[in-house]
Structure formats: structure tokens, C-alpha cells
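Here is a short note to read beside the structure. Please keep the model open while going through the points.

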Amino acid sequence: MNLHDYSADVQRRVAEARERVSALHAELPRWELVVWTAGNVSERVVVGDSPSEDDLLVIKPSGVRYEELSPEAMVVCDLEGQLIQGSKSPSSDTAAHAYVYKHMPEVGGVVHTHSSYACAWSAVGKEVPCVLTMMGDEFGGPIPIGPFAIIGDDSIGRGIVETLRESRSPAVLMQNHGPFTIGKDGESAVKAAVMVEEVSRAAFFAQQLGDPLVIPDEIVDKLYDRYQNVYGQ
């Protein structure tokens, strides 16, 4: 299939998602989460009345520098990772993103970065311990480590889903690779990617000073509930 086989409403949703995803990619170098062409943002496009395996995703093309990205450069794939619209090859992480959307219908956005401190934790195979109240707020506990997986098929996607399906964390550090984050949309997933690097850096510095104090689970539960259900407007 190609995009012209979909309804006018779906084509409109795709066009809007391409605008959002293009703009969100600019946030990754802005927050120093990527270098050169590394990293990617994607967003689900719901085809029907609710998320399903028939949905599409919008993601950046492979190997294109950030300053060259535009809404028109974004590519559209189905949840099998097959190209639906676009003149360039999809990101090499497309299979992982597609697997997450296919198996976690609540997810509307996925981000992958190579941010330095988060990658350092993944390189030693250690979760980021919940030693800051902002971690309780944002992640509901530590940032977990996912299994080692090779890029190219859905192995990374399986590791993400297996790790996050039973976790409150919107982020996983894939061993020897780096962070993947999820959210209700692309913006939420980008925010999580920014916060992952912030707390990974702070926790690393804390270890240089001594033994970081892990926040008790019952307090983390209260922090998470307040931030997710009371904080803000």
C-alpha cells in the first residue's frame, strides 16, 4: 500500500504528524542528546478509531543530518516497518519503534538517543538508581536496563517491550546501546529522553561523591502519584 490508499482523514493526520516529528527532532541536538545523524523520534498515526496494528508511524530517514530534516523529509511506515511514503530509507531503528507500537497500544511516541551519561550507564549494564525526587516524579523508580540486542530487526523492540511493559518508567537503557523512551505522543517521549540524560548525569556525579541514597519505595509511590495526578495545570 501507499499513502494514497488511505482515507483523506488519515492523510491529514500523517501530514500533521510529519510536521510535529520534524520539529521534535530539533530538540535532540538542542539538548545535546545526539551527534551527527544518530538518534530518532517517531510518532504513531492512528488509522482507525483507536490504536491498532493497522496504524502507521512517522520517523526520520536514515543517515540524514538534523539540519537537513524537514516535514517533507520524514518517512511513513506501517507497523511491519514497510515504507508507505517517503523518498529515503527509514531509520535503521524503525523495526524497534514499530514493534513497540504494535505491542503497546498506549504508546504514541518513541525516541532513541545516544546521550552520553545514559549510554555510560548502559555500557556497564546498570540501572540508574532512584536517588532524586525528580526520578520518583518522572520515572516512578529507577531507570531499568534492557537486554543486549543487535540493531536491524525487532530484537531491540522486543527488549523494550519486555522491560517496560511491567514498569512505570517511560525509559529503558538498552545494554551497550543507549536509551529508548516512550510516551503518549512524540513530545512526551522527547521530554522523557531529556530527563533521562539529566538524572543519569546527576546520579553519575553522586557516585563520585560517595554512596547515593536510594529513596524508599513508599516515598517514590507518593512522589509519582502527586506528579502524575496533581502537579501542573
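1. A residue counts as buried under 20% relative accessible area, as exposed over 50%, and as partly exposed in between, using a 1.4 Å probe and protein chains only. By this rule E32 is exposed, because its relative accessibility is 65%.

2. The model is predicted, so local features need pLDDT of at least 70 and side-chain atom pairs pLDDT 80 or more, while totals for chains, interfaces and linings use all residues. Residues are numbered from 1 along each chain as its sequence is written, and side-chain values use heavy atoms, without hydrogens and water.

3. E32 lies in the loop between α2 (27–30) and β1 (40–45), and although E32 is not a glycine, its phi is positive, at about 60 degrees. W36 lies in the loop between α2 and β1, is not a glycine and has a positive phi of about 55 degrees; W36 is exposed, with a relative accessible area of 63%. Most residues other than glycine have a negative phi.

4. The chain holds eight helices and eight strands, where helices (H or I, at least four residues) and strands (E, at least two) are DSSP runs numbered from the N terminus.

5. Of the 233 residues in the chain, 50% are buried. Among contacts (heavy atoms within 4.5 Å) with a separation of 6 or more, 65% join residues 24 or more positions apart.

6. Along its principal axes, the C-alpha trace of the chain spans about 60 × 35 × 30 Å.
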